[in-house]
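Subject: Structure handover and findings

Dear colleague,

Please find the structure below, followed by an account of what was found in it. I would be grateful if you could read the account with the model open.

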Amino acid sequence: MNIVIVNSSDTFEYRADMVYAYFSKRNHTVTVLSSDFMHIEKKRRQCTKKDYIYLRTIPYKKNISLKRLYSHYRFSRKCIRWLQKKQFDLLYIVIPPNCQSAIAKKYAKCNKVKIVMDIIDMWPESFPSKNTDHFLFRQWGKLRDRNLKYADYIITECDLYQEKLKKFLSGIKVQTIYWSHQDNALPEEAAVATPMTADEIHLCYLGSINHIIDISKIGEIISSIANEKKVVLKIIGGGERKELLISAAEENGATVHDYGKVYDHKTKKEIMDTCHYGLNIMKDTICVGLSMKSVDYLENGLPVINNLPGDMAQIVYKERCGVNISDSDWLDQVLVKSVNSDIRVNALECYRKYFSKDMFETQLKKVVDEVIADSQRW
């Protein structure tokens, strides 16, 4: 097959890379249409990848701005113009941004082109506000919803998204494929947290520290634990709200170690191996069933303290790989399980079961096989 993957955001580039690797390994011709503007760093790309085509994109400075939305719109229009000049068999569209779903409408009537939409995040549903019923927010959501019907298959990053979008998914084949990694030399056994003293709890916060993180809730969690044991918070990451997180942690009794942004897997693992739990705490107004940071924690055998509902809450409960703070006895669980090595083993096994590269490829194969089942020429 001749396959085109559309992904404008470096936030979701890892997903596009894994899809690219899957198809390339099977000798398909694969092209990735991407933006030359990096959302995370807010700058032009310096490095390129094989088979990636970087379209010139309007830069923006603020995560939430009309200029960002316009930039996404212009990128989608450029993708359509590029695709009009090419012949391809499968179009794989990563969403968000929501306007990229309009690309599917353009090719829905072309019987020779199969379309897969991969919904990694939901906006405006993940906006940290209770006022998302505003006209502009509704229109933002409709950019995605009205075009879902043009897909031959829809992938969602968690089951929660299927529940939220169910009235738009009638008659469309849907599959959840969780966020995954390339399996960075998975250890045979989970590391035992050190120092493993009876009077200390070491917590890890990994990732961007932004407007969807519930810093006040993290402060409450630290305060509750600090009444029983000494708390050390180890931060791996950065963001505009880092100083607020550090202040909240210290004010509630934690000693903070700030490691900054760490990209090397070995270094991140060494830090996480000295922690008892990873914090997976977001504002309860957002629509998120799974977070990238939770997959990172589990990959390194680090149990989670979680407040996300839906998929993550169910996984934590079923696989016993952490603690849901919705449980009335969550604090007792944190204290007891911190000295139980079984929970770290459970965390690593949970990663292998739900989020490994093998599981990702097995599920993606199922999607592709169903999409092309009625196409004799493939």
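Two strands are said to pair if DSSP finds at least two bridges between them. Helices (H or I, at least four residues) and strands (E, at least two) are DSSP runs, numbered from the N terminus. By these terms, strand β1 (residues 2-6) pairs with β2 in the parallel sense over 5 bridges.

This is a predicted model, in which local features need pLDDT of at least 70 and side-chain atom pairs count only at pLDDT 80 or more, while totals for chains, interfaces and linings use all residues. Residues are numbered from 1 along each chain as its sequence is written, and side-chain values use heavy atoms, with hydrogens and water left out.

In the pairing of β1 with β2, Asn2 has Thr29 of β2 as its bridge partner. Together with helix α1 (residues 13-25), β1 and β2 make a right-handed β-α-β unit; right-handed means that, with the strands pointing away from the viewer, the path from the first strand over the helix to the second runs clockwise. Strand β2 also pairs with strand β5 (residues 52-55), again in the parallel sense, over 4 bridges. There, Val32 has Tyr52 of β5 as its bridge partner. Of the 7 residues of β2 (residues 29-35), 6 are buried, where buried means under 20% relative accessible area, exposed over 50%, and partly exposed in between (1.4 Å probe, protein chains only).

The six-stranded sheet

A parallel open sheet is formed by 6 strands in the order β12-β11-β10-β13-β14-β15. Its edge strands, β12 (254-258) and β15 (322-324), each pair on one side only. On average, neighbouring strands of this sheet are turned by 25° against each other, direction ignored; axes are lines fitted to C-alpha atoms, for helices over the stretch in contact, and angles run from 0 to 180 degrees between N-to-C directions. Strand β11 (residues 230-236) runs parallel to β12 and is joined to it by 5 bridges; Leu233 is partnered with Val256 of β12.

In helix α8 (residues 265-272), the buried residues are His265, Lys268, Lys269, Ile271 and Met272. They lie on the same side of α8, because they cover an arc of only 160° around the axis; the arc is that of the directions from the helix axis to the C-beta atoms. Among the elements that cover them are β10 (200-206), β11, α9 and α12.

In α10, the buried residues are Asp311, Met312, Ala313, Ile315, Val316 and Glu319. They pack against α5 (159-164), β13 (277-280), α9 (292-299), β14 (304-306), β15 and α12 (342-354). Just after α10, Arg320 takes a positive phi of about 55°.

Cys287, in the loop between β13 and α9, counts as buried because its relative accessibility is 7%. Leaving aside neighbours within four places in sequence, Cys287 is in contact (heavy atoms within 4.5 Å) with Met122, Glu125, Ser126, Leu160, Tyr161 and Lys164. Cys287 and Pro309 are 22 residues apart in sequence and 8.9 Å apart in space, C-alpha to C-alpha.

Yours sincerely
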